[in-house]
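Please look at the sequence and the 3D structure shown below. The report that follows goes through a few residues and strands, and then the protein as a whole.

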Amino acid sequence: LPTLAIILVLICSCVPASAGGVRCPLELDGTSSRYDLKGHLEVYEDKTGAASIDSVQSEEFDPTDKAVPNFGFTESAYWIKFSVENATSEAQSLVLQITNPYLDFIYFFVKSDRDSTIERYPAGTRVSLDDKVAWRLSPVQRLVFAPGEAKTIFIRAKSGTPLRIPLILSTEDGYRHDQLKRYALLGIFYGVLGFLIIYNIF
């Protein structure tokens, strides 16, 4: 009977995550170079575009099982929320990347369970370079977790282009490896292109 009771409690605790409740946080294990956010994301549509980070925290977010949230052409602003918990005894440094370089306005909001302060980081093609968290082709946000620390990340996205938001959460080593691979492929592409141009000229 005690074993059955434990199983029932575990089942019941998982029901809200699939029925519109708060999703369980993604746990960092310290061994993975990339983490899958599928099943951890929640979304909220701000039809007026006027919601702030203070007001949106009290709104009800809808769980989504999409690996890449895609809202198409829309006048609404969309908010994405997920939580990450460092389940290890060591500090963890991660990189959150949105691999769509054509979004107009992106804002990262980071809230720790150890502090009431909400950190705000703007990005996007129509955000001035002076305000951007960093200049890169795609919006990138660095996240540092102390041992046992949990953080909730809010992302506000609004754009005149299709609102497709592919998210990649990886370690810094994983991020650098992906960038090196990308630059290697670009180098091969431009090398072949240059060879063809020279070949056609001569």
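## Serine 159

S159 is buried, with a relative accessibility of 7%; buried means under 20% relative accessible area, exposed means over 50%, and partly exposed is in between (1.4 Å probe, protein chains only). S159 is placed in the loop between β10 (150-158) and β11 (167-171). Helices (H or I, at least four residues) and strands (E, at least two) are DSSP runs, numbered from the N terminus. The model is predicted: local features need pLDDT of at least 70, side-chain atom pairs count only at pLDDT 80 or more, and totals for chains, interfaces and linings use all residues. Residues are numbered from 1 along each chain as its sequence is written, and side-chain values use heavy atoms, with hydrogens and water left out.

Not counting residues up to four places away in sequence, S159 touches T74, Y102, L103 and D104; contact means heavy atoms within 4.5 Å. The C-alpha atoms of S159 and F73 are 8.2 Å apart, while the two residues are 86 residues apart along the chain. The side chain of S159 makes a polar contact with the side chain of T161 at 2.6 Å. A polar atom of the S159 side chain also lies 3.1 Å from the backbone nitrogen of D104. A polar contact is a pair of N or O atoms within 3.5 Å; within protein, one must be able to donate a hydrogen and the other to accept it, and residues adjacent in sequence count only if both atoms are side-chain atoms.

S112 belongs to strand β7 (residues 105-112). Its relative accessible area is 13%, so S112 is buried. The side chain of S112 reaches the backbone nitrogen of R114 at 3.1 Å. Leaving out residues up to four places away in sequence, S112 touches T117, E149, A150 and K151.

S170 is in strand β11. At 2% relative accessibility, S170 is buried. Apart from neighbours within four places in sequence, S170 is in contact with S33, R34, L94, V95 and Y175.

How many of the 10 residues of strand β5 (residues 77-86) are buried? The count is 8, so β5 is largely enclosed by the rest of the structure.

Two strands pair if DSSP finds at least two bridges between them. Strand β1 (residues 26-28) runs parallel to β5 and is joined to it by 3 bridges; L28 has N86 as its bridge partner in β5. Strand β3 (residues 42-46) runs antiparallel to β5, with 5 bridges, and the partner of V43 in β5 is I80. β5 and β10 are also antiparallel, joined by 8 bridges. In that pair, S83 stands opposite T152 in β10.

## An open sheet

Four strands form an open sheet: 4 strands in the order β2-β11-β6-β9, with antiparallel pairing. β2 (34-35) and β9 (140-145) stand at the edges with a single partner strand each, so one side of each has no neighbour in the sheet. Strand β6 (residues 92-98) is joined to β9 by 6 bridges, and L96 stands opposite Q141 in β9. In a regular strand the side chains alternate between the two faces of the sheet.

## The salt bridge

A salt bridge is a side-chain nitrogen of Lys or Arg within 4 Å of a carboxyl oxygen of Asp or Glu. The count by this rule is 1 salt bridge. R142 forms a salt bridge with E172, and the closest N and O atoms are 2.3 Å apart. R142 lies in strand β9 and E172 in helix α3 (residues 172-201), so the pair ties together parts that are 30 residues apart in sequence. E172 is partly exposed, at 22% relative accessibility. Side chains of opposite charge can pair when their charged atoms come close.

## The protein as a whole

The protein has 3 helices and 11 strands. From the N terminus on, the elements run α-β-β-β-α-β-β-β-β-β-β-β-β-α. Of the 202 residues in the protein, 37% are buried. Among contacts between residues at least 6 apart in sequence, 74% join residues at least 24 apart.

In the segment after α3 lies F202, which is exposed at 82% relative accessibility.
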